[in-house]
Amino acid sequence: MDQRNIFLSLAQGENTAGLVAAAITSPLTEELLNMCGLTWSSVHKNHENMVKVALVAKSAMGFETVRVPFDQCVEAEALGVELDFEGYYPKPRRFLEEILEFNFMGRGRTMMVLQAIRELREAVGPDFPILGGVTGPFTLLNYLLGPAKTMLLSRRDPNIIKDYADKLSASVADYATEMVSAGADAIVIEDMASSPDVLNPKIFKTVEVEPLKRLTSRLKVPCILHICGDTLKILKDIPETGVKVFHIDPKTNLRVAKDLVRGVTLAGGVSTSLLCEGDEKSIVEASLSCISLGIRIVAPACALHPKTPMGNVKTMIKAVKNSAC
Ligand SMILES: [Zn+2]
C-alpha cells in the first residue's frame, strides 16, 4: 500500500498495518527556513515558497505527510482582518467591529493556498498524502472579533456566537471543498480557541460541536480536528463533530483518551516542548509510548516551536519508521 493509502486507511480507523510519522500542524522551524533560504513572511505570502518549504519538511526531516498553509489566519484575513506578518506566524493587527459578511472564498490568500496544493500534488505525485489546513469556526471567530469579545459574547449570548459559527462553518466548508478539488486528501481543522484551557467545555458543546458537524458533513475526505492542551473534558463530544481523527496533545491523559473518543482515530501525541528541548532518549521513549498506546499516526502534538532542532524531529520520525518495519 502506498503512503497516501496507509494514511487514509489509518485515518478512517481501519486496522491496516503500518505507522505514519506525520506533521498535522505546522512543521516550520528556523533551521528549516534557513536551509531553504526563506523568510517566515515569504512562506506565508508566496505559494512557490510555501510549496518549497513544505517539500523540504518532507525531504530533510522525513515527514510522511505534507500540509499547507502554515498559519491559521488565512480565513480571517480574507474576511477583512489586517494581519501583521512580522513574527514567525501572521497575527491580527486589529479585530473587526462586527462581521458583515461570512463568505471569503477567492479573497485574500485563499487562491494562493489552493495553487500551493495543486503544485504540491504535482511535486509529490498521486501516492503521498497532502493535508489542507483550515481554521475551526469558533477559533476563526476569535481571530475576527478578538478573544475578549468572543469570550464575553459566548458567556452572555451563546446563541449569537453559535449563529456566527454556523455561518462561518459553511464558508470554511466551501474553502475546504476547493482544497480537496485542488488535491488535498484530508482536511485539518485547527481549533485552538476551543481548548478547555481557554473555553468552558459546556460552552464548547453549545457553540462549536454543531458548527463542526456542519463543516465535516460537507466534506468527502477525512477531517482531522486539532485542539491543543488538556482536552479530557471535551473528548466525549468529539465523535459528535463528525471528524475521523482527533490530533491530541499529551497534556491529555492518553491512556483514557481512546475510550472517550469512541470511533475517532487518535493522532499526534508527541510533546512539542519535548521535541524542542528533550534529549534523544526521551524523544524516542515518547514516540514509542504513543505507539504502545495505540496511536498509529504519530506527530508533534502542535505546531513545532521555531527553535526546535531538526535533529530532534528526525529522531521522532526515525523511531516511528523503525517501529513500522
Ligand atoms: Zn495546537
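1. Helix α8 (residues 147-156) and helix α9 (residues 158-182) have axes that come within 5 Å and cross at roughly 120°. The model is a predicted one.

2. The contact between these helices involves T150, L153 and S154 on the α8 side, which meet P158, I160 and I161 of α9. Sorted by class, this contact has 4 nonpolar and 2 polar residues, and no charged residues.

3. Helix α4 covers residues 47-61. At 1.5 Å a residue its 15 residues should span 21 Å, and because the end C-alpha atoms are 21 Å apart, the model agrees with that expectation.

4. Which residues of α4 are buried? They are H47, M50, V51, V53, A54, A57 and M61. As a general point, an α-helix has 3.6 residues a turn, so residues three or four places apart point the same way. The cover over the buried residues of α4 includes α2 (30-36), α3 (40-45), β2 (66-68), α6 (110-124) and α15 (310-324).

5. Two backbone features deserve attention when the model is inspected. Just after α4, G62 adopts a positive phi of about 105°. The peptide bond from V68 to P69 is cis, with omega near -10°, and P69 lies in the loop between β2 and α5 (74-78). For context, most residues other than glycine have a negative phi, and most peptide bonds are trans.

Terms used:
Residues are numbered from 1 along each chain as its sequence is written. This is a predicted model: local features need pLDDT of at least 70, side-chain atom pairs count only at pLDDT 80 or more; totals for chains, interfaces and linings use all residues. Helices (H or I, at least four residues) and strands (E, at least two) are DSSP runs, numbered from the N terminus. The expected span of a helix is 1.5 Å times one less than its number of residues. A residue is buried if 20 or more other C-beta atoms lie within 10 Å of its own, exposed if 12 or fewer, and partly exposed in between; C-beta atoms are placed from the backbone. Two residues are in contact if their C-beta atoms, placed from the backbone, lie within 7 Å. Axes are lines fitted to C-alpha atoms, for helices over the stretch in contact, and angles run from 0 to 180 degrees between N-to-C directions. Ala, Val, Leu, Ile, Met, Phe, Trp, Tyr, Cys and Pro count as nonpolar, Asp, Glu, Lys and Arg as charged, and the others, Gly among them, as polar.
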